[in-house]
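Colleague: I would like to learn how to read charged side chains in a model. Please start with one pair and go on from there.

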Amino acid sequence: MNSRANKLSRQYAATLRRYLVRQEEAFLQQAYELGRKAIASGLGVLDMARIHQQALASCLSGARSAEKVTGALKAVETFFMETLSPFEATHRGFRGADLELRQVNDALQRRNAQLAALSRDLRNLSSQVLHLQEEERKRISRELHDEVGQALTVLNTSLGMVQHNGTVDSGMLKKKIADTQKVLAQTMETVHRFARELRPAMLDELGLLPALRAYLKNFAERTGLQVRFAASPEAEHLSDDQRTVVYRVAQESLTNVAKHAHASRVTVRLRKLSGDLQLEIKDNGNAFEVDRQLSSEGRKRLGLLGMRERVRLVNGRFAVKSRPGKGTTVSVEIPFKAGRAGTAKRTSPRPRTIGSDQLARRKKECNF
């Protein structure tokens with residue numbers, strides 16, 4: 001044993017001897033402190049057992065009767081157990097710390113698995129977004145060439161004929177001008193459609209609600225679906241990025257409804273919750289397995305992943321529920337501070353709705 005162990009051994013033997021003479025609580029407290037000193041000195045339970053054995057032999061060496069030895073052994077056991085109490089407490093602390101460490105490790109492993117899955121999703125999403133961007137560029141290029149390019153060619157041809165035929169009668173001239181104006185109007189509408197698909201100007205100039213109303217009205221006319229829209233004016237208090245996310249999620253959700261749901265009606269609601277703004281898009285169409293759709297590969301899940309990632313970037317929550325006979329509900333909750341708008345917006349007049357105007361004003365709803 002080292003010097004600290006020798007010193008502790010002497011202290012232990014002296015304290016034990018005094019305890020055997022007068023079995024007082026104060027000596028048991030000293031025994032407990034000796035156990036703490038042993039731990040601080042780096043001694044273990046076996047070291048304490050050795051020290052105890054030496055002290056016991058020293059204390060009982062003068063005992064002359066077996067009766068006295070038997071009586072002393074009970075007191076010695078109590079003293080020794082008190083000395084080992086700090087070791088037991090330390091061991092329990094180690095076990096508790098080990099259990100907590102295992103729980104933390106399990107939580108970290110689950111978190112790492114979630115992060116790995118998220119990383120795979122983001123890589124797949126980035127790859128698919130790049131692919132779709134190229135496909136969209138091809139589509140726009142093809143439509144510009146086929147529609148705008150051909151229309152401009154017709155306009156150029158018509159103007160060239162008018163220029164080279166100076167003796168054209170007024171009736172023929174009026175017909176040429178009318179045809180040219182018609183082609184020009186169609187071309188302008190095509191360009192406007194491209195602009196709306198890329199970025200609706202109304203969203204920046206008038207605000208989220210007018211942009212959504214206009215889009216939903218056009219969507220209802222184009223698809224024949226019955227669309228119901230209810231909105232809270234608090235939606236205009238979202239930031240520019242948040243308004244864009246709400247618009248794009250609504251756009252993507254309705255596109256999915258038109259393509260896959262086989263629904264007859266869809267409801268779009270924007271309402272204020274406590275500290276959040278909720279967008280809810282609900283249809284009465286065919287249901288699908290959400291988890292399976294999210295875990296599948298390819299373009300089938302790009303829409304859901306894209307919406308979820310958009311919402312995540314503005315610290316929102318995204319959820320999809322789909323049940324047979326109940327349709328599908330897309331829900332988005334975005335945190336915002338009421339009364340603080342990103343940019344002041346002008347208020348546009350509400351488009352006419354089907355049904356009772358009084359009821360529509362009271363519920364702030366539109367039916368298209």
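Modeller: Arg22 and Glu24 form a salt bridge through their side chains, at 3.7 Å from N to O. The model is predicted: local features need pLDDT of at least 70, side-chain atom pairs count only at pLDDT 80 or more, and totals for chains, interfaces and linings use all residues. Residues are numbered from 1 along each chain as its sequence is written, and side-chain values use heavy atoms, with hydrogens and water left out.

Colleague: What is a salt bridge here, and how many does the structure hold?

Modeller: Side chains of opposite charge can pair when their charged atoms come close. The criterion is a side-chain nitrogen of Lys or Arg within 4 Å of a carboxyl oxygen of Asp or Glu. The structure holds 12 salt bridges.

Colleague: Why are Arg102 and Asp98 separated by about one helical turn?

Modeller: Because they are four residues apart in helix α4 (residues 66-164); a helix is a DSSP run of H or I with at least four residues, numbered from the N terminus.

Colleague: Is Glu280 buried or exposed?

Modeller: Buried means under 20% relative accessible area, exposed over 50%, and partly exposed in between (1.4 Å probe, protein chains only). Glu280 has 15% relative accessibility, so Glu280 counts as buried. Arg271, at 37%, is partly exposed. The side chains of Arg271 and Glu280 meet in a salt bridge (3.7 Å, N to O).

Colleague: Which residues are linked with Glu280 in a network of salt bridges?

Modeller: Arg269 and Arg271 are linked with Glu280 in that network.

Methods: Helices (H or I, at least four residues) and strands (E, at least two) are DSSP runs, numbered from the N terminus.
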